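Trainee: Could you take me closely through one part of this model, namely a pair of aromatic side chains and the elements around it?

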Amino acid sequence: MTQTYERDDTYYFDDGSCVLLVENVLFNVHRSVLSRDSSSFRTMFSLPPGERPVEGTSDDNPIVLAGDDAAEFRHFLWSLYALPSELSVITSPSADLDQLVAIARVSNKYAFKSIETWALDAIQEYVNRKPSPILPPTTPYTFSVSLVPTPSSCNPKIESIEQLTRLIRLAQLCNHERLLNTMVHLLRDLMIGSVQYAYLAMTLADELGLRTLRGVAYLEVMQKAAIVRSPRVDIFHKGPLIRSSSAPDTTDPASVLNNESSELDDKGHMSLTPQQQLRLLAGYYRLTETWEELRRTPPHFDHAVSCGATWHQHGCTQSWLEFWKEKTRGDTLLSLGLADVIGRLRQISKDYDRWGSATYMHHDCRQAARRSINDAIKRVEDALPDYFSDANLSD
């Protein structure tokens, strides 16, 4: 039986010169329009005809565009045929994000570079609006002593998670650095308020190879979900089911990501893939090792010339060592997680600023010592993606 297709109500032109089939919808548009912008259609149309009838000349012999969505392709054709007055809606408050995403995605696939850039820039302008059109009106995140979000701040809306996910994927697909950086920074801010956003960031970082997101996302999940400190192992399942240290989460970011191997069980415990479990455990191990090295040996700094030229250098060094030994054993510091190297170093930095005058430390050396603490924090932050890699733990 011959399959019948429906003609699109808007973009099946009587004078069209190229019939396209997307899903079960026929579009009859103009080759001259599809040939713009050095697109892949232009390349296709320039190929010499073969012995078989030329595709796209009739409804019975259309050019089949596999893998496309008819609604998305219709949005894309709108960008090709719209009048200037119609295009202005893209930058207006009534802009349609779904339409913009569709235009950018299809343009990228068929190499309409200028249209792709135009759509991505419009998306960038859209997400930068205040208040944010892709997030709930308010996000009043509050925390208990255990650093677990209270029920009023948990469970980010599924719509927000879906939009964040597809925009990050789109920016990565199109290699639009500005949009990608914007979305990554937005997600990093949201992670502070919700372990679910941190889990989303962790999963996207793995999927897309986003180094700038991986380390901080894994660190947030490890700290807020108490991944290493309080695992619950079920010998009848594939591996440990990771449990939050407070009320269980009820929203499943993994379902949005269509990742069936990462989900919440029937008791609300977070279940991670074996690769994610390995990276979290590796990160915990490497961070605790880093802290032990720092605890034994404070960050090095070069003494000032005026200090090094006198006998005072020995007292300066001894004063710094005694400060470090005392503060790395303080109750405030020990109350932080063993793997919270960055948090511990920041606490030491605060203690150092409150230290007051040190009789045996030269003023310039005190400044150099403060910089050495900040440099240590920066080194750990920069290395976070490597801490949470699944490479050999002996690295």
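**An aromatic pair and its surroundings**

Mentor: Phenylalanine 73 and phenylalanine 76 lie 3 residues apart in helix H3, and they are therefore separated by about one helical turn; helices (H or I, at least four residues) and strands (E, at least two) are DSSP runs numbered from the N terminus. Please keep in mind that this is a predicted model, in which local features need pLDDT of at least 70 and side-chain atom pairs count only at pLDDT 80 or more, while totals for chains, interfaces and linings use all residues. Residues are numbered from 1 along each chain as its sequence is written, and side-chain values use heavy atoms, with hydrogens and water left out.

Rings of Phe, Tyr and Trp (its six-membered ring) pair if their centres lie within 6.5 Å, planes under 30 degrees apart being stacked, over 60 edge-to-face and the rest tilted, and by this rule the count comes to 17 aromatic pairs. Phenylalanine 73 and phenylalanine 76 form a tilted pair, with 5.6 Å from centre to centre and 50° between the planes. Both residues are buried, that is, under 20% relative accessible area with a 1.4 Å probe and protein chains only. They also belong to one aromatic cluster, made up of Phe27, Phe41, Phe45, Phe73, Phe76, Tyr110 and Phe112. A charge is found at one member, phenylalanine 45, where the charged end of arginine 31 sits over the ring, 4.4 Å from its centre (CZ of Arg or NZ of Lys within 6 Å of the ring centre and within 35 degrees of the ring normal).

Strand E1 runs parallel to strand E3 (residues 25-29), to which 3 bridges join it, and the bridge partner of glutamate 6 in E3 is valine 25.

Technical notes. Two strands pair if DSSP finds at least two bridges between them. Buried means under 20% relative accessible area, exposed over 50%, partly exposed in between (1.4 Å probe, protein chains only).
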